[in-house]
Amino acid sequence: MNVASLNFQRWRGYLELMRPANIVTAWADILVGFAASGAAIILNKLINGQASFANLIPLGWLLLATTGLYGGGIVFNDVFDAELDSKERPARPIPSDRVSRQNATLLGSILFVIGIVAAFQVSWLSGIIAIFITFAALFYDAIAKHHPFFGPLNMGLCRGSNLLLGVSAVPAVVGERWYLALIPVFYIAAITAISQGEVHGGKKITGVLALLLIAIVLTAVLGLGFLENYTLIAALPFATLLAIQVLPNFVKAAREPVPEKIRTAVKVGVLSLIILDATVAAGFAGLFYGLLVLILLPVSMKLAQIFAVT
């Protein structure tokens, strides 16, 4: 193997650690939070020539922030799992020696710093939320993920906080829309719960619990229609797509909790986070904005063909 090939494998290893397809789903969290904050109206003003792209600078900082925060969290997941991966997933970047554990730790730390600094460019509240996400992600990677209850809850809190990071584009609205964080909390809790059987298989009761959580999420998304400024008719097509995409795979994994079906359910569930976000975004900001978020889905799916999602 020549030097150029070695360098390519090394850089690919760093990208694999960051799981690019997953990071795109984190962008969707920010976009739906941005919509819920009311700031998405800027897009309509841009179309009508009533605003400039300078008004989208806070959104740009928040997208950079979530890239660093999610990337850092996912990198440290591999850092803490290095010994386990050497037995169960020897092809991962660290056990395959394409990336050293020390360099992976450095990469994760740099990503966290980028995420926090970028968030503080928007507001102090955004920065505080970013710091919380950082510690929550590290706690999950090091401790919580090994617990059947606190692991899913911890990961859900990370994603719920990521949505609030998007809402913090207008800091005053965070206190009004805090409950939106509960939707990804339940959704990610479902995915994380069922993912515990990715390697050795899972239990049927865990699959049933995951299905129950997904049902709660779908009900909550439709229930938002009772809000004065939430248009259910715009959200309904996306909610239908979400149900069609997720439910069959979770049912299969619950009926027969073997590693292959569980991994499929987890992969579909993670990528469908974008559909969930598009659903809520459409309700708050209209059909066009929902479609804008949904565009991230084929991007994430394409990256998922190149880089592992789980």
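Is Ala 281 buried or exposed, and what is its relative accessible area? Ala 281 is buried, and the figure is 0%. Before I go on, please keep in mind that this is a predicted model.

Let me stay with Ala 281 for a moment. This alanine is located in helix H14. Setting aside neighbours within four places in sequence, Ala 281 has Val 32, Ala 35, Gly 286, Tyr 289 and Val 293 as its contacts.

The buried residues of H16 are Leu 296, Leu 297, Ser 300 and Ala 304. Looking down the helix axis, those buried residues fall within an arc of 100°, so they line one face of H16. As background, an α-helix has 3.6 residues a turn, so residues three or four places apart point the same way. What do the buried residues of H16 pack against? Their partners are H14 (273–285), together with helix H2 (20–36), helix H13 (259–271) and helix H15 (287–294). Turned away from that buried side is a face with the exposed residues Pro 298, Lys 302 and Gln 305.

Next, the start of the chain. Helix H1 covers residues 3–18, and Glu 16 lies in it. Glu 16 is buried, at a relative accessible area of 12%; the cut-off for buried is under 20%. Beyond the neighbours within four places in sequence, Glu 16 is in contact with Ala 91, Arg 92, Pro 93, Arg 98 and Phe 307.

Arg 19 sits in the loop between H1 and H2. With 3% relative accessibility, Arg 19 also counts as buried. Arg 19 is not a glycine, yet its phi is positive, at about 50°.

Asp 97 is another non-glycine residue with a positive phi, in this case near 65°. Asp 97 is in the loop between helix H5 (82–88) and H6. At 68% relative accessibility, Asp 97 counts as exposed.

That brings me to H6 itself. At 1.5 Å a residue, its 20 residues should span 28 Å, and the end C-alpha atoms are 29 Å apart, which agrees. Which residues of H6 are buried? They are Ala 104, Leu 107, Gly 108, Leu 111, Phe 112, Gly 115, Ala 118 and Ala 119. These residues cover an arc of only 135° around the axis, which puts them on the same side of H6.

Last, the pairing of H6 with H7. The axes of H6 (residues 101–120) and H7 (residues 124–142) come within 7 Å and cross at roughly 160°. Angles over 145 degrees count as roughly antiparallel, and H6 and H7 are therefore roughly antiparallel to each other. On the H6 side, the contact is made by Phe 112, Gly 115, Ile 116, Ala 119 and Phe 120. H7 contributes Trp 124, Ser 126, Gly 127, Ile 128, Ala 130, Ile 131, Thr 134, Ala 137 and Leu 138. Sorted by class, this contact has 10 nonpolar residues, four polar and no charged ones.

Methods
Residues numbered from 1 in each chain as written. Predicted model: local features only at pLDDT ≥ 70, side-chain atom pairs only at ≥ 80, totals over all residues. Heavy atoms only, no water. Axes fitted to C-alpha atoms, helices over the stretch in contact; angles between N-to-C directions. Helix = DSSP H or I, 4+ residues; strand = E, 2+ residues; numbered from the N terminus. Parallel < 35°, antiparallel > 145°, perpendicular 65-115°, else oblique. Contact = heavy atoms within 4.5 Å. Nonpolar A, V, L, I, M, F, W, Y, C, P; charged D, E, K, R; others polar. Buried < 20%, exposed > 50% of the residue type's maximum accessible area, 1.4 Å probe, protein only. Arc of directions from axis to C-beta. Expected span 1.5 Å × (residues − 1).
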